[in-house]
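Here is a short briefing on one protein chain. Please keep the sequence and the structure in view as you read.

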Amino acid sequence: MENVILTIHLILALLLIGVVLLQRSEGGGLGIGGGGGGTMSARGAATALTKLTWLFATAFIITSITLTILATNGGDGGSVVDSAATEGTDTPATDLPATGGGLAGTDLTLPGTATDAPATPPRADEPAPATND
């Protein structure tokens, strides 16, 4: 269903672009084009192209809102950050390589996998561990 609405949405976008480009320029935007040769009334005559423009624009907005509703209903409701955090904890540290895969002089050991480093940093109210200098 979503693919059908997306196809209709793309066709409407192309039709809307085409209809807008076919319309005669009024000449008010940048001071170029069209000219003032036509009738300059407050209402102006609604031509077939302006009616088509309104029709295509309305249908384009409706399909945009429909696609947005379909996308939010199909989502899992989770955050991208949450899914990345849960995926990162599934891989045990022992399965990862300890070196940089051929990069000379680099050590890409994960924090906490070295034997001389503590697993967690000490608390702020605890004294720092003694070092052997």
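The protein chain has three helices and zero strands. From the N terminus, the order is α-α-α. The model is predicted.

**Whole chain**
- The protein chain has 133 residues, and 8% of them count as buried.
- Take the contacts between residues at least 6 apart in sequence: 66% of them join residues at least 24 apart.

- His9 lies in helix 1.
- His9 has a relative accessible area of 13%, so it is buried, the cut-off being under 20%.
- Beyond its neighbours within four places in sequence, His9 contacts Phe60, Thr63, Ser64 and Leu67.

- Leu14, Ile17 and Leu21 make up a nonpolar patch on the surface.
- Together these three residues have about 360 Å² of accessible area.
- Leu21 belongs to helix 1, which covers residues 2-22.
- Leu21 counts as exposed because its relative accessibility is 68%, and exposed means over 50%.
- In general, an α-helix has 3.6 residues a turn, so residues three or four places apart point the same way.

**Helix 2**
- Helix 2 takes in residues 48-74, 27 residues in total.
- At 1.5 Å a residue, helix 2 should span 39 Å, and its end C-alpha atoms are 39 Å apart, so the two values agree.
- Thr53, Phe56, Thr63 and Leu67 are buried in helix 2.
- Helix 1 is part of what covers the buried residues of helix 2.
- Thr63 and Leu67, both buried, are also among the contacts of His9.

Notes: Residues are numbered from 1 along each chain as its sequence is written. This is a predicted model: local features need pLDDT of at least 70, side-chain atom pairs count only at pLDDT 80 or more; totals for chains, interfaces and linings use all residues. Side-chain values use heavy atoms; hydrogens and water are left out. Patches are made of residues with over 30% relative accessible area and no salt bridge: like charges are joined within 9 Å, nonpolar side chains (Val, Leu, Ile, Met, Phe, Trp, Tyr) within 5 Å. Accessible areas come from the Shrake-Rupley method with a 1.4 Å probe; for residues, only the protein chains shown count as cover. A salt bridge is a side-chain nitrogen of Lys or Arg within 4 Å of a carboxyl oxygen of Asp or Glu. Helices (H or I, at least four residues) and strands (E, at least two) are DSSP runs, numbered from the N terminus. Buried means under 20% relative accessible area, exposed over 50%, partly exposed in between (1.4 Å probe, protein chains only). The expected span of a helix is 1.5 Å times one less than its number of residues. Contact means heavy atoms within 4.5 Å.
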